[in-house]
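This report walks through the secondary structure and the packing of a single protein chain. The sequence and the coordinates come first, and the reading of them follows.

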Amino acid sequence: MAVLPIRITGEPVLHSAALPVTEFDDTLRTLVADMFDTMKEAPGVGLAAPQVGVPLRVFVYDWTDDAGTAWRAAAINPELWLSPIPIGEPDEDAESEGCLSIPGERFPLRRAQLATLRAFDLSGKRFEVKASGWLARIFQHEYDHLDGILYADRLAHDQYKAAAKAIRKNEWGVEGLSWMPGEDDLEG
């Protein structure tokens, strides 16, 4: 399989809703395998198809919780149900996120504590995962990518301003920028 370049904020595919997958074929299997390779090399715990320039409703995740349970799958044409987002300021340490499409930056963001993911696997079989904590956060972050939303778009005003400043400083926010995991010295 292959490691793919990751698009940086400003690339139109990152800011548009992705299209449903209609064919569960070898092309899709190759894309998912490449996404897992790219995510591992980056490194990351989740990666959405728009981040590698493919406008399809697909994301992958690979994360091990504190109990040692490994959570690894491809979510195709996912649906996501969330508990209410708690009111209040996010904790700088416990609720900070990064994004491979805004590499090297982290900002605190309040997310729902519980999520139910329903999606299809590579064989077209429906599955469901009930998640809490960090896994729920991963699902929300990746699902947002499929709707053209980056986590920076959801930040509170002060954090949003800081993210916008970092994007300007790095000269991102324009079309045509990407980075190559394993080659470029960037991480998110």
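Which residues are exposed on the other side of H3? The model examined here is a predicted one, and in it His157, Asp158, Lys165, Arg168 and Lys169 are the exposed residues on that side of H3.

## Helix H3

Helix H3 covers residues 157-169, and its 13 residues reach 18 Å from the first C-alpha to the last, which is close to the 18 Å expected at 1.5 Å a residue. Its buried residues are Gln159, Ala163, Ala166 and Ile167; seen down the axis of H3, the buried residues fall within an arc of 100°, so they line one face of the helix. The buried residues of H3 pack against strand S6, residues 102-108.

Just after H3, Glu171 takes a positive phi of about 60°.

## The open sheet

An open sheet of 5 strands is present, with the order S2-S3-S4-S7-S8 and antiparallel pairing. S2 and strand S8 (126-132) stand at the edges of this sheet, and each has a single partner strand, so one side of each is left without a neighbour in the sheet. On average, and with direction ignored, neighbouring strands of this sheet are turned by 40° against each other.

The pairings can be followed strand by strand. Strand S2, residues 46-48, pairs with S3 in the antiparallel sense over 3 bridges, and Ala48 stands opposite Phe59 in S3. Between S3 and strand S4, residues 70-82, there are 7 bridges, and these two strands also run antiparallel; here Tyr61 stands opposite Ala73 in S4. S3 and S4 form a hairpin with 5 residues between them, and Gly68 in the turn has a positive phi of about 90°. S4 is in turn joined by 5 bridges to strand S7, residues 114-120, again running antiparallel, and Thr116 in S7 is the bridge partner of Trp81.

## Helices on the sheet

Helix H2, residues 133-146, packs on the sheet and touches S2, S3, S4, S7 and S8, while its direction makes about 160° with that of S3. Helix H1, residues 26-41, lies across S2, S3 and S4, and runs at about 40° to S3.

Thr38 is found in helix H1 and is buried, with a relative accessible area of 0%. When residues up to four places away in sequence are not counted, Thr38 touches Ala2, Val3, Leu4, Ile6, Leu47, Val52 and Pro181.

How many of the 7 residues of strand S3 are buried? Strand S3, residues 58-64, is mostly covered, with 5 of its 7 residues buried.

Trp63 has its place in strand S3. At 19% relative accessibility Trp63 counts as buried, because the cut-off for that class is under 20% relative accessible area. Leaving aside its neighbours within four places in sequence, Trp63 is in contact with Val45, Thr69, Ala70, Trp71, Trp134, Leu135 and Ile138.

## Aromatic pairs

A search of the whole structure finds 4 aromatic pairs. In one of them, the rings of Phe59 and Phe139 have their centres 6.3 Å apart and their planes at 45°, so the pair is tilted. This pair links distant parts of the chain, with Phe59 in strand S3 and Phe139 in helix H2, 80 residues apart. Phe59 counts as buried at 0% relative accessibility, and Phe139 likewise counts as buried at 0%.

The rings of Tyr61 and Phe139 have their centres 4.9 Å apart and their planes at 70°, so this pair is edge-to-face. Distant parts of the chain are linked here too, since Tyr61 belongs to strand S3 and Phe139 to helix H2, 78 residues apart. Tyr61 counts as buried at 2% relative accessibility. Taken together, Phe59, Tyr61 and Phe139 form one aromatic cluster.

Terms used
Residues are numbered from 1 along each chain as its sequence is written. This is a predicted model: local features need pLDDT of at least 70, side-chain atom pairs count only at pLDDT 80 or more; totals for chains, interfaces and linings use all residues. Side-chain values use heavy atoms; hydrogens and water are left out. Helices (H or I, at least four residues) and strands (E, at least two) are DSSP runs, numbered from the N terminus. The expected span of a helix is 1.5 Å times one less than its number of residues. Buried means under 20% relative accessible area, exposed over 50%, partly exposed in between (1.4 Å probe, protein chains only). The arc is that of the directions from the helix axis to the C-beta atoms. Contact means heavy atoms within 4.5 Å. Two strands pair if DSSP finds at least two bridges between them. Axes are lines fitted to C-alpha atoms, for helices over the stretch in contact, and angles run from 0 to 180 degrees between N-to-C directions. Rings of Phe, Tyr and Trp (its six-membered ring) pair if their centres lie within 6.5 Å; planes under 30 degrees apart count as stacked, over 60 as edge-to-face and the rest as tilted.
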